[in-house]
Amino acid sequence: MTRAVAMVAAGALATGATAPAAQVFRVGTDVVSLNVTVTEGEVLVPGLEQALFSVYEDGVQQDITYFSRTPQPIALSLLIDTSTSMEFKLGVAQEAAIGFARRLNPTDAAQIIDFDSRHEILQTFTADPALLEQAIRRTRVGGSTSLYNAIYVALSELKRVRAATPDQVRRQAIVVLSDGEDTSSLIAYEDVLESAKRSEVAVYAIGLRSKADRPTRGFNEAEFVLRTLSQETGGRPFFVEEVAQLPGIYQQIADELANQYSIGYTSKNPKRDGAWRAIVVRVNRPNTAARTKRGYFAPIPPKPPRLEHAK
């Protein structure tokens with residue numbers, strides 16, 4: 001992302017920060033921020049009190065220092081597969097994605113990325129639904145599937161946005177639609193997964209499968225990839241067999257993003273060793289389940305400055 005694009009993204013998010021309805025979570029470097037979805041079966045459960053929540057890191061209960069039932073503004077990357085196999089599905093997929101973009105709040109900002117054998121950022125981060133709609137309608141079919149490349153780019157773009165507003169914690173998410181396995185990425189899946197786990201980004205993956213493509217047995221790599229990325233980051237995977245189901249799926253994602261809890265805590269583990277720390281959130285209410293990212297990497301000490309020796 002160019003410097004100009006970075007400034008646009010920062011500006012869009014700064015606009016959301018000034019909205020009176022948005023409580024902005026400002027943190028230091030050691031605060032762990034969580035976006036938590038609570039469900040009872042398939043039904044979202046909003047409006048719960050902080051006292052019902054418990055957070056555990058590596059099995060040790062943590063003290064919640066921030067809690068909000070009002071979700072923070074979001075920066076979101078909307079990824080659309082435009083590979084050749086999407087030729088007869090793209091029209092419905094476009095309308096479903098446009099419907100999703102229209103449900104974003106004025107304090108949110110989104111970008112549009114299409115991908116086939118290459119990726120293209122059709123719209124940089126903006127809160128303008130008309131610009132997002134125009135970008136979605138510009139998607140065109142052609143080429144193979146570079147899913148990993150596209151997700152890696154989206155993660156990088158969101159990282160730049162976060163760096164532009166370092167004193168604020170805003171939710172970040174990727175919503176990716178794909179109808180097939182990656183066939184042409186230069187980035188390896190393991191590198192994408194590592195990058196996602198090091199980010200603050202929740203991945204919502206929509207796998208569009210036809211009945212003819214569904215294997216009767218054995219390992220399905222595409223579903224494994226989408227499922228793992230979603231589960232590790234606190235998002236959710238969806239797998240559908242009919243393109244007509246897409247509007248309902250996008251609606252479910254929009255509803256979830258609009259009903260999340262924001263939780264922050266300072267880890268009781270003082271080590272700065274870069275190790276993986278597992279997170280579990282529990283809700284003291286029968287028949288409910290809480291979902292968030294599965295963990296994070298501990299901070300590491302900054303490298304000491306290099307000393308220049310006199311010649």
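Student: At what angle do helix H5 (residues 189-197) and helix H6 (residues 221-233) pack?

Tutor: This is a predicted model, and in it the axes of H5 and H6 lie 9 Å apart. H5 passes H6 in a right-handed crossing, and the angle between the two helices is about 20°.

Student: How are H5 and H6 oriented to each other, roughly parallel or roughly antiparallel?

Tutor: Angles under 35 degrees count as roughly parallel, and H5 packs against H6 at about 20°. The two helices H5 and H6 are therefore roughly parallel.

Student: Which residues of H6 make the contact with H5, and how do the residues of the contact divide into nonpolar, polar and charged?

Tutor: On the side of H5, the contact is made by Tyr189, Val192, Leu193, Ala196 and Lys197. H6 contributes Phe224, Val225, Thr228, Leu229, Glu232 and Thr233. Together, the residues of this contact divide into 7 nonpolar, 2 polar and 2 charged.

Student: How many residues of the contact of H2 with H7 are nonpolar?

Tutor: Helix H2 (residues 90-102) and helix H7 (residues 246-257) have axes that come within 9 Å and cross at roughly 20°, so H2 and H7 are roughly parallel to each other. The contact is made by Ala93, Ala96, Ala97 and Phe100 of H2, together with Leu246, Pro247, Tyr250, Ile253, Ala254 and Leu257 of H7. No polar and no charged residues are found in this contact, and the number of nonpolar residues is 10.

Student: Which element gives the most residues to the largest nonpolar core?

Tutor: That core has 34 residues, and those touching the most other members are Leu76, Leu78, Phe100, Val175, Leu246, Tyr250 and Ile253. Several elements each supply at least two residues of the core, including strand E6 (74-81), helix H3 (129-137), strand E9 (171-178) and H7. With 7 residues, the element that gives the most to this core is H2.

Student: Leaving aside neighbours within four places in sequence, which residues are in contact with Leu246?

Tutor: Leu246 is one of the residues that touch the most other members of the largest nonpolar core. Once its neighbours within four places in sequence are left aside, the residues in contact with Leu246 are Ala93, Ala96, Leu177, Ile206, Leu208 and Val240.

Student: What percentage of the residues in the protein is buried?

Tutor: The protein has 7 helices and 15 strands. Its chain has 311 residues, and the buried residues among them make up 49%.

Technical notes
Residues are numbered from 1 along each chain as its sequence is written. This is a predicted model: local features need pLDDT of at least 70, side-chain atom pairs count only at pLDDT 80 or more; totals for chains, interfaces and linings use all residues. Side-chain values use heavy atoms; hydrogens and water are left out. Axes are lines fitted to C-alpha atoms, for helices over the stretch in contact, and angles run from 0 to 180 degrees between N-to-C directions. Helices (H or I, at least four residues) and strands (E, at least two) are DSSP runs, numbered from the N terminus. Angles under 35 degrees count as roughly parallel, over 145 as roughly antiparallel, 65 to 115 as roughly perpendicular and the rest as oblique. A crossing is left-handed if the near helix is turned anticlockwise from the far one by less than a right angle, and right-handed if clockwise. Contact means heavy atoms within 4.5 Å. Ala, Val, Leu, Ile, Met, Phe, Trp, Tyr, Cys and Pro count as nonpolar, Asp, Glu, Lys and Arg as charged, and the others, Gly among them, as polar. A nonpolar core is a set of buried Ala, Val, Leu, Ile, Met, Phe, Trp, Tyr and Cys residues joined through side-chain atoms within 4.5 Å. Buried means under 20% relative accessible area, exposed over 50%, partly exposed in between (1.4 Å probe, protein chains only).
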